[in-house]
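Here are my notes from a first pass through this one, as numbered points. Have the sequence and the coordinates open while you read.

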Amino acid sequence: MIKIQLVDDEPNILSALRRLLRPQGWEIHAYYTLESALGGLLEHEYAVIISDYQMPTADGVTYLQFAKQRQPHAIRLVLSAYGDRNSMIQAINQAEVYRYLSKPWDDYEVVAAIQSAIDLFQLSQENRRLREQNDHQKALIKAREEELLRLEAENPGSSRVKRDADGSVLIGTDH
């Protein structure tokens, strides 16, 4: 199941986001303190992490930078009532934020942005899986090639197969 972490110091914002996202079927973990959100990062693997930009103990970018270190594959978004250009640039550059959402938000825009982030997360997961599978296949091929070279060194000519015109294997040397 897709897990989403919401971090905002305003409980009413968290409640509104939970209501908005509940019909999507995603597992939502909402935290109103950074300390509890940090605990959530240790307990759960998130596809998407959404943090408010300004909170009492630290800014959202600092939190998202930590989240990036802890869960580098999670897609990070910032939610903020303060949409100045410098804060957006800082969020993008320092925490590799995927999207910057403004308060108040448009419900459709928030759901679409989160769905897009989830799609990106799932695509990245599939790419990692395929890369690992490819690396495994390459290792198997290399091991087989090394074994073939070893056998050929022990028994010269044993790795060469003689075939006739239709591709059938020829047994013996008189053909």
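Helices and strands here are DSSP runs, numbered from the N terminus; a strand is an E run of at least two residues. Bear in mind throughout that this is a predicted model.

1. Serine 80. With that naming in hand, serine 80 sits in strand β4. Is serine 80 buried or exposed? Its relative accessibility is 1%, and buried means under 20%, so serine 80 counts as buried. Leaving aside residues up to four places away in sequence, serine 80 touches Asp52, Tyr53, Tyr100, Leu101, Ser102 and Lys103.

2. The cis peptide. One of those neighbours of serine 80, Lys103, also takes part in a cis peptide bond: lysine 103 is joined to proline 104 that way, with omega at about -10°. Proline 104 belongs to the loop between β5 and α5. Have a look at this spot in your viewer.

3. Glutamine 54. This residue is in the loop between β3 and α3. Glutamine 54 has a relative accessible area of 41%, so it goes down as partly exposed. Apart from residues up to four places away in sequence, glutamine 54 touches Asp9 and Tyr82. Valine 78 is 24 residues from glutamine 54 in sequence, and their C-alpha atoms are 9.8 Å apart in space.

4. Length of α5. Helix α5 covers residues 107-154.

5. What α5 buries. The buried residues of α5 are Val110, Val111, Ala113, Ile114, Ala117, Ile118, Phe121, Arg128 and Glu152. Which elements cover them? The cover includes helix α1 along with strands β1 (3-7), β3 (48-52), β4 (75-80) and β5 (99-102). Serine 80, from point 1, is in one of these strands, β4.

6. Serine 124. Another α5 residue to check is serine 124. Its relative accessibility is 25%, so serine 124 counts as partly exposed. Glutamate 43 is 81 residues away from serine 124 in sequence, and 21 Å away in space, C-alpha to C-alpha.

7. α1 against α5. Two packed helices are described by the angle between their axes and the distance between the axes. For helix α1 (residues 11-21) and helix α5, the axes come within 11 Å and cross at roughly 70°. Angles of 65 to 115 degrees count as roughly perpendicular, and α1 and α5 are therefore roughly perpendicular to each other. On the α1 side, Leu17, Leu20 and Leu21 make the contact, meeting Asp107, Val110, Val111 and Ile114 of α5. By type, the residues of this contact are 6 nonpolar, no polar and 1 charged.

8. α2 against α3. What is the angle between the axes of helix α2 (residues 34-43) and helix α3 (residues 60-70)? They cross at roughly 15° and come within 10 Å, and that makes α2 roughly parallel to α3. The crossing of α2 past α3 is right-handed. Helix α2 brings Leu34, Ala37, Leu38, Leu41 and Leu42 to the contact, and α3 brings Tyr63, Phe66, Ala67 and Arg70. Sorted by type, the contact of α2 with α3 has 8 nonpolar residues, no polar ones and 1 charged.

Technical notes. Residues are numbered from 1 along each chain as its sequence is written. This is a predicted model: local features need pLDDT of at least 70, side-chain atom pairs count only at pLDDT 80 or more; totals for chains, interfaces and linings use all residues. Side-chain values use heavy atoms; hydrogens and water are left out. Axes are lines fitted to C-alpha atoms, for helices over the stretch in contact, and angles run from 0 to 180 degrees between N-to-C directions. Helices (H or I, at least four residues) and strands (E, at least two) are DSSP runs, numbered from the N terminus. Angles under 35 degrees count as roughly parallel, over 145 as roughly antiparallel, 65 to 115 as roughly perpendicular and the rest as oblique. Contact means heavy atoms within 4.5 Å. Ala, Val, Leu, Ile, Met, Phe, Trp, Tyr, Cys and Pro count as nonpolar, Asp, Glu, Lys and Arg as charged, and the others, Gly among them, as polar. A crossing is left-handed if the near helix is turned anticlockwise from the far one by less than a right angle, and right-handed if clockwise. Buried means under 20% relative accessible area, exposed over 50%, partly exposed in between (1.4 Å probe, protein chains only).
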